[in-house]
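Subject: Structure handover

Hello,

Here is the structure I promised to pass on. Please open it first, then read the notes below.

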Amino acid sequence: MNAPTVSVPGARWLKYVLPLAVFAAIGATLLYGLDHDPREIPSPLVGKPAPEFSLPRLHHPEARLGTQDLLGKVSLLNVWASWCVACRAEHPVLLRIARELAVPIYGLNYKDERADAVQWLGSLGDPYAASAYDHEGKVGLDLGVYGVPETFLIGPSGKIVYKQIGPIDPAVWQKKILPKIRAIERRAG
Amino acid sequence: MRPSDGAAAATPGLHRRDRSEEKWPLPARLVRRAAALLVWTGALLFLSAAESAVELHKFDDPGLDVRFRTLTYELRCLVCQNQNIADSNADLAKDLRNVVDRMLRDGKSDEEIKTFMVDRYGEFVLYRPRLRPGTLVLWVGPFLLVAAGVGGLLWHVRRRRGALSGGGTPEAADPELVRIAALLSSRAPEMPSDPNGQDRNELGSR
């Protein structure tokens, strides 16, 4: 084993550095994987205007809720359903946000039955400025919803600033969503 | 036919067994029943499964049928990530199958349907990602790895060969080989010179 290393200068340290580099690369990849959920697929819609929609409201089917209602302010569009267990866990957080902050939360009631949804809000409390009723999930499809709950942070221009996949918990709210709201507000002056 | 009659009478068990199932021993009869039941249940299950898979998306045009199958085979179900939407039973997969179905009937091209999906769910929905800057690594990466492996191997082999031939004889590369060669060559002339093997004894005694 001595002869080959002698014939190529530099091979001696390469023998130690190369495995170390490979190990570091694998380690970095695994470390990155630790706090990235493969189920969270980055949405191509972030940074783009929210897709146009207009749906009947949950409580007042004759009235409509649409993209127009989201303009001119920072708002949250929360996709939820009464059959969704994680939504139940998220609900108290939404109630607190609605109570404590001036950010309106709009609901998108996704593939639900109207009666179930109304009853759900009646018994657990209604954090929503208004809820749209998306029975067939058509708007959900345009929004790229693939799991409930999902929440979109929408800027005053109607642009999607951030998408939260899965329930908002206090940590997500503090670390991810609130700073983005503050940033938009700062930019607006 | 007397001989055969006689044979039948001599072995009545054989004759009876041929005649009907009731004469089989009880365990064998049970096994046969169970097997028949299994076959029929299996057939029923298979039929109903086949029917439920076909019933939803039926196209008059066989070309559309093929395109539907190809597309749903190449689109990922985002809920159950290692399945395509053709195989998945998830609600979302069902929705997406319906979308593909509708868009095909509307005369949309495969590319339009894929773009529709990518616009909503990202490049990740495509099991066969498109060639673009972001996916270049996926397409070129494996070939680069193979090239690097082959290159490394060649480099290694040539380096060794270079080191071996560099010192003239292969033995020159390793001091121990030099010693072995020296020892062998010092013995070599002695061995063939001795036909009776006496020298070998001598060798052993040294």
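The contact between the chains draws 19 residues from chain B and 16 residues from chain A. Keep in mind that this is a predicted model. On chain B, three helices each give at least two residues to the side that touches chain A: α5 (91-105), α6 (110-121) and α7 (136-166). The largest share comes from α7(B), with 5 residues. By class, this side of chain B holds 9 nonpolar, 6 charged and 4 polar residues.

Now chain B as a whole. What elements is it built from? Chain B has 9 helices and 0 strands. From the N terminus on, the order is therefore simply α-α-α-α-α-α-α-α-α. Of its 206 residues, 11% are buried. Among contacts in chain B with a separation of 6 or more, 31% link residues 24 or more positions apart.

Chain A has strands, and I looked at a few of them. Start with β3(A), residues 75-80. Is this strand mostly covered or mostly open? It is mostly covered, with 6 of its 6 residues buried. A:Ser75, A:Leu77 and A:Val79 point one way, while A:Leu76, A:Asn78 and A:Trp80 point the other way. In a regular strand, side chains alternate between the two faces of the sheet.

β3(A) has two partners to look at. One is β4(A), residues 105-110, joined to β3(A) by 5 bridges and running parallel. Here A:Leu76 stands opposite A:Ile105. The chain gets from β3(A) to β4(A) through helix α3 (residues 85-100) of chain A, and this β-α-β crossover is right-handed.

The other partner is β6(A), which runs antiparallel to β3(A) and is joined by 5 bridges. A:Leu76 stands opposite A:Leu153 in this strand. A:Asn78 has A:Thr151 as its bridge partner there.

What does β6(A) pair with through 5 bridges, running antiparallel? One answer is β7(A), residues 160-165. A:Ile154 stands opposite A:Ile160 in that strand. β6(A) and β7(A) form a hairpin with 5 residues between them. In the turn, A:Gly158 has a positive phi of about 90°.

Best wishes

Key
Residues numbered from 1 in each chain as written. Chains lettered and ligands numbered in written order. Predicted model: local features only at pLDDT ≥ 70, side-chain atom pairs only at ≥ 80, totals over all residues. Contact = placed C-beta atoms within 7 Å. Helix = DSSP H or I, 4+ residues; strand = E, 2+ residues; numbered from the N terminus. Nonpolar A, V, L, I, M, F, W, Y, C, P; charged D, E, K, R; others polar. Pairing = 2+ DSSP bridges. Buried ≥ 20, exposed ≤ 12 C-beta atoms within 10 Å, placed from the backbone. Right-handed = clockwise from strand over helix to strand, strands pointing away.
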